[in-house]
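Subject: Handing over the structure

Dear colleague,

Please read the notes with the structure open beside them.

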Amino acid sequence: ILNRFSRIVSASSESAQFNTENVHLIIDDFSREAMGQAAEQFLRNDGQAVLAKFPGAHLWDISGHSTLIVVFYLKEDDIARGQKDGTSDAIRQECFDGVKPYDEFDYFTPDNFSIKFDSKQNVDENYEGSMFYYWR
């Protein structure tokens, strides 16, 4: 990459502005950052609307961190019921479809989309009812 950059610079009329000797090149994967931003925008703008589409599912909240989205049922039993009756699958699809408009680089696929189902009961019993402790 650096050699190609040097050739491009030396062929340009601005080559005197660039010192291509002793250049340190850092390459990073941008996809994680872009996916995290898309998930954050979805949660901020549309997360609660997704929950409202499932009024009988005993849902409490939707939250997330980075690329992970967490949908909270009220009780642990509600998670099992949602898995069994297909509600969780429908919520997963709604969330995936909701994230895609914010995924400007088309990084999210059904295979790499991260969603987890948890419960308010778990937050109350194991994290003193605190989302701060939950995400810590």
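Predicted model: local features only at pLDDT ≥ 70, side-chain atom pairs only at ≥ 80, totals over all residues.

E104 counts as exposed, at 66% relative accessibility, where exposed means over 50% relative accessible area, buried under 20% and partly exposed in between, computed with a 1.4 Å probe on protein chains only. E104 is found in the loop between α4 and β3 (114-119), the helices (H or I, at least four residues) and strands (E, at least two) being DSSP runs that are numbered from the N terminus.

Residues are numbered from 1 along each chain as its sequence is written, and side-chain values use heavy atoms, with hydrogens and water left out.

The loop between α4 and β3 also holds D106, which is exposed with a relative accessible area of 55%. D106 has a positive phi of about 55 degrees although it is not a glycine. As background, most residues other than glycine have a negative phi. S66 is another non-glycine residue with a positive phi, here of about 60 degrees, and it sits in the loop between β1 (59-65) and β2 (68-73). With a relative accessible area of 35%, S66 is partly exposed.

Three strands form an open sheet in the order β1-β2-β3, with mixed pairing, where two strands pair if DSSP finds at least two bridges between them. The edge strands are β1 and β3, each of which pairs on one side only. Neighbouring strands of this sheet are turned by 20 degrees against each other on average, direction ignored; for axes and angles in general, the axes are lines fitted to C-alpha atoms, for helices over the stretch in contact, and angles run from 0 to 180 degrees between N-to-C directions.

How do β1 and β2 pair, and over how many bridges? They pair in the antiparallel sense over six bridges, and they form a hairpin with two residues between them, S66 being in the turn. Among the residue pairs here, H65 has L68 in β2 as its bridge partner, and D61 stands opposite F72 in β2.

α2 touches β1 and β2, and its direction makes about 160 degrees with that of β1, contact here meaning heavy atoms within 4.5 Å. Helix α3 (residues 76-85) touches β2 and β3, and its direction makes about 135 degrees with that of β3. As for covering, β2 is mostly covered, since five of its six residues are buried.

Helix α2 (residues 31-52) and helix α4 (residues 87-99) pack at an angle of about 130 degrees, with their axes 9 Å apart. That angle makes α2 oblique to α4, given that angles under 35 degrees count as roughly parallel, over 145 as roughly antiparallel, 65 to 115 as roughly perpendicular and the rest as oblique. α2 passes α4 in a right-handed crossing, a term used if the near helix is turned clockwise from the far one by less than a right angle, and left-handed if anticlockwise. In this contact A38, A39, F42, D46 and V50 in α2 meet E94, C95, G98 and V99 in α4. By class, the contact has six nonpolar, one polar and two charged residues, where Ala, Val, Leu, Ile, Met, Phe, Trp, Tyr, Cys and Pro count as nonpolar, Asp, Glu, Lys and Arg as charged, and the others, Gly among them, as polar.

Helix α4 also contains A90, which is partly exposed with a relative accessible area of 32%. The C-alpha atoms of A90 and S31, 59 residues apart along the chain, are separated by 26 Å.

With best wishes
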